[in-house]
Amino acid sequence: MSRVAIYPGSFDPFTFGHLDIIERGSKVFDKMVVAVAYNVSKNTTFSIEERVEIIDEVFKDNDRVEVDSFKGLLVDYAKSKGTNIVLRGMRSVSDFEYEMQMAHANKSLDPGLETVFMVTSRKYSHISSSLIREIVSLGGSAGDLVPEVVEKKLKQKLQN
Ligand code: PNS
């Protein structure tokens with residue numbers, strides 16, 4: 001049986017922390033679906049199409065990683081992809097409360113859904129998308145925090 005895990009998120013932007021979880025998740029699951037969520041309440045830097053395009057570029061040579069987007073509930077999306085596994089990364093205890101709340105909410109929406117957590121590698125545990133946006137918008141370098149394509153697109157967006 002092929003094990004597919006959904007790795008959902010906002011990815012605004014995609015960081016080395018996300019990449020770390022996907023690479024390690026790929027050692028546990030047969031296929032990873034990176035699912036970019038439409039989030040009506042969030043004012044994002046990149047459109048959903050831009051985020052999918054950027055992440056697609058990162059994984060263009062990896063056929064075990066699919067990049068997709070979804071609207072609506074994660075539990076419904078997971079079902080549509082034929083899986084009941086959601087993978088999330090946890091950077092610190094401050095992530096824990098939010099992640100636990102989401103895992104419980106998803107479990108009550110679909111008792112068959114399992115959320116699997118992976119602790120983000122120490123060297124990426126300080127990275128957050130908001131911090132990166134701030135650094136780049138103030139002219140700093142995010143080369144150690146995000147893939148090259150992401151830094152390039154961020155500079156185009158935030159420094160012009
Ligand atoms: O990267 P983020 O912003 O922490 O990701 C949050 C995300 C997209 C995984 C979460 O907001 C989500 O699953 N949204 C889809 C809507 C949904 O299913 N909500 C109910 C469960 S929280």
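Which residues form one aromatic cluster? They are Y7, F11, F14 and F59. The model described here is predicted.

## The aromatic cluster

The count of aromatic pairs comes to 5. One of them joins F11 and F14, with ring centres 6.0 Å apart. Their planes meet at 45°, so this pair is tilted. Both residues are buried.

F14 also pairs with F59. Here the centres lie 5.9 Å apart and the planes stand at 85°, an edge-to-face arrangement. This pair links distant parts of the chain. F14 sits in the loop between β1 and α1, while F59 sits in the loop between α2 (48–58) and β3 (65–70). The two residues are 45 apart in the chain. F14 has a relative accessible area of 1% and is buried. F59 reaches 7%, which is under the 20% limit, so F59 counts as buried too.

The loop between β1 and α1 holds F11. It also holds P13. Most residues other than glycine have a negative phi, and most peptide bonds are trans. F11 has a positive phi of about 50°, although F11 is not a glycine. The peptide bond from D12 to P13 is cis, with omega near 10°.

How accessible is F11, buried or exposed? Its relative accessibility is 3%, so F11 counts as buried.

## The largest pocket

Rolling a probe the size of a water molecule over the atoms shows where empty space is left. The largest pocket has a volume of about 1100 Å³. Its lining is made of 44 residues. Closest to the pocket centre are G9, S10, K42, R88 and Y98.

Which elements give two or more residues to this lining? Three are strands: β1 (4–9), β4 (85–90) and β5 (114–119). The others are the helices α1 (16–25), α4 (93–109) and α5 (129–137). The most comes from α4, which gives 8 residues. By type, the lining divides into 20 nonpolar, 16 polar and 8 charged residues.

## Contacts of charged side chains

D20 lies in helix α1. Its relative accessibility is 8%, so D20 counts as buried. The side chain of D20 makes a polar contact with the side chain of S121, at 2.9 Å.

K71 takes part in another kind of contact. The charged end of K71 sits over the ring of Y38. The distance to the ring centre is 4.6 Å.

## An exposed leucine

Where does L138 lie? L138 is in the loop between α5 and α6 (148–158). Its relative accessible area is 68%, which is over the 50% limit, so L138 is exposed.

L138 and Q159 are 21 residues apart along the chain. Their C-alpha atoms are separated by 7.8 Å.

How values were computed:
Residues numbered from 1 in each chain as written. Predicted model: local features only at pLDDT ≥ 70, side-chain atom pairs only at ≥ 80, totals over all residues. Heavy atoms only, no water. 1 Å grid on protein atoms, 1.4 Å probe; cavity = no way out; pocket = protein on both sides within 12 Å on 5 of 7 lines; lining within 4 Å. Points joined across faces, edges and corners; volume = space filled by probe spheres on them. Helix = DSSP H or I, 4+ residues; strand = E, 2+ residues; numbered from the N terminus. Nonpolar A, V, L, I, M, F, W, Y, C, P; charged D, E, K, R; others polar. Phe/Tyr/Trp six-rings, centres within 6.5 Å; stacked < 30°, edge-to-face > 60°. Buried < 20%, exposed > 50% of the residue type's maximum accessible area, 1.4 Å probe, protein only. Lys NZ or Arg CZ within 6 Å of the ring centre and 35° of its normal. Polar contact = N/O pair within 3.5 Å; in protein donor to acceptor, adjacent residues only side chain to side chain.
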